[in-house]
Amino acid sequence: MSDGGGTGTAVGLHRVLEPAGVLPQAARRLDADPRIRPDEVRIGVERLNLDAASYRQLHTAHGGDPDAIRAEVLRIVGARGKMHNPVTGSGGMLVGLVEEAGPESPLGLEPGDRVATLVSLTLTPLAITDGLAGWDGLSEQVPAQGHAILFARSIAAVLPGDLPVPLALAVMDVCGAPALTHRVVASRVASREDAPAVAVLGAAGKSGSLSLAAARRAGASRVIGLVPTAQEEKRLAATGLADAVVRADARDPVAVAAAIEGAHGGPADVTVVCVDVPGCEHGAILATAPGGTVVFFSMATSFPAAALGAEGLAADVTMLIGNGYVPGHAEAALDLVRSEPAVRALFTARTGHDSAQ
């Protein structure tokens, strides 16, 4: 393992094999050597959670063939030393047991801790040793054996003992979305007389359902959930998480804007995009009021399309990239799942009833 020396080791520069000088997320290939530096932590991998955009792309590219999907994930990890989908540019996160913590690691982890990494797999050195033999290739959650490396500036959280591992992993994978949604809505509530109306695109999904709950908790005057199918419309309406549930293809800008305006009597003040397919930027912008805010959480988002689309529509909106990290985001999301039965029910429907600890 090479030694970058200096402050670069805290962010993992010494693990970059190529090209030299870039941070691990931008690297083509990382060094996943299990030997750790004094400020690193080695995790024994138990389960990966592929981000939704990445898994959808893999599923589509291989026609849903689980063997081909499994082989492609193994190929990516083997070639790159990390799970960094070259098409979507995204990865996911993982759960595992701390095997070794260097004496200078600031993460506060101890051997035996079961943790979820709260940093992307696109920058986490990773090796898989079981050929993903326990994964059926049909879901985002991937039982796996191997090891991963955390740096001094990585983030990880010890898993709570009161929630099943698959559920906690699914929540922590998207915990940045509700945290930033809460921050944006609460800020507008504090600075204006009128509480904002919030629309969430992809509202029946993991990040979408949490964002609905977070917006309401932050003081939104009205929350509107947009979904693509009648089945999701029925499921979300039954939860009561949204004041209104509307159906439209998030890739159809006119349909999205019409659906939101029909449910609210006008555009939303805050629009949160949690859709895992490309092409949803213009609909979100068109559905947002002048002076409003659009928050993009999907890794399928094209940020040039968003910027140029807003310009082309003469849309005076603030656009935020959800970077997945807000202080306290993991605990806040877990609290929503604990305190909102409807949110937990939606997550359980997606992760199943696996309660393996």
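Mentor: Let's start with a definition: axes are lines fitted to C-alpha atoms, for helices over the stretch in contact, and angles run from 0 to 180 degrees between N-to-C directions. Helices (H or I, at least four residues) and strands (E, at least two) are DSSP runs, numbered from the N terminus. This is a predicted model, where local features need pLDDT of at least 70, side-chain atom pairs count only at pLDDT 80 or more, and totals for chains, interfaces and linings use all residues. Residues are numbered from 1 along each chain as its sequence is written, and side-chain values use heavy atoms, with hydrogens and water left out.

Trainee: Which residues of helix 5 and helix 10 meet?
Mentor: Contact means heavy atoms within 4.5 Å. Leu 210, Ala 213, Ala 214 and Arg 217 of helix 5 meet Ala 333, Asp 335, Leu 336, Val 337 and Ser 339 of helix 10.

Trainee: How do you know that strand 3 and strand 4 pair?
Mentor: Two strands pair if DSSP finds at least two bridges between them. Strand 3 (residues 41-50) and strand 4 (residues 92-101) have nine, in the antiparallel sense. Within strand 4, Gly 96 stands opposite Val 45, and its bridge partner in strand 5 is Val 115.

Trainee: Why are strand 11 and strand 14 said to stand at the edges?
Mentor: The open sheet has six strands in the order 11-10-9-12-13-14, with parallel pairing. Strand 11 (244-247) and strand 14 (318-321) each have a single partner strand, so one side of each lacks a neighbour in the sheet. From one strand to the next, the twist averages 20 degrees.

Trainee: And what makes the protein as compact as a globular protein of its length?
Mentor: There are 11 helices and 14 strands in the protein. Its radius of gyration is taken over C-alpha atoms, and the globule rule is 2.2 Å times the number of residues to the power 0.38. The value is 20 Å, close to the 21 Å that the rule gives for 357 residues, so the protein is as compact as a globular one of that length.
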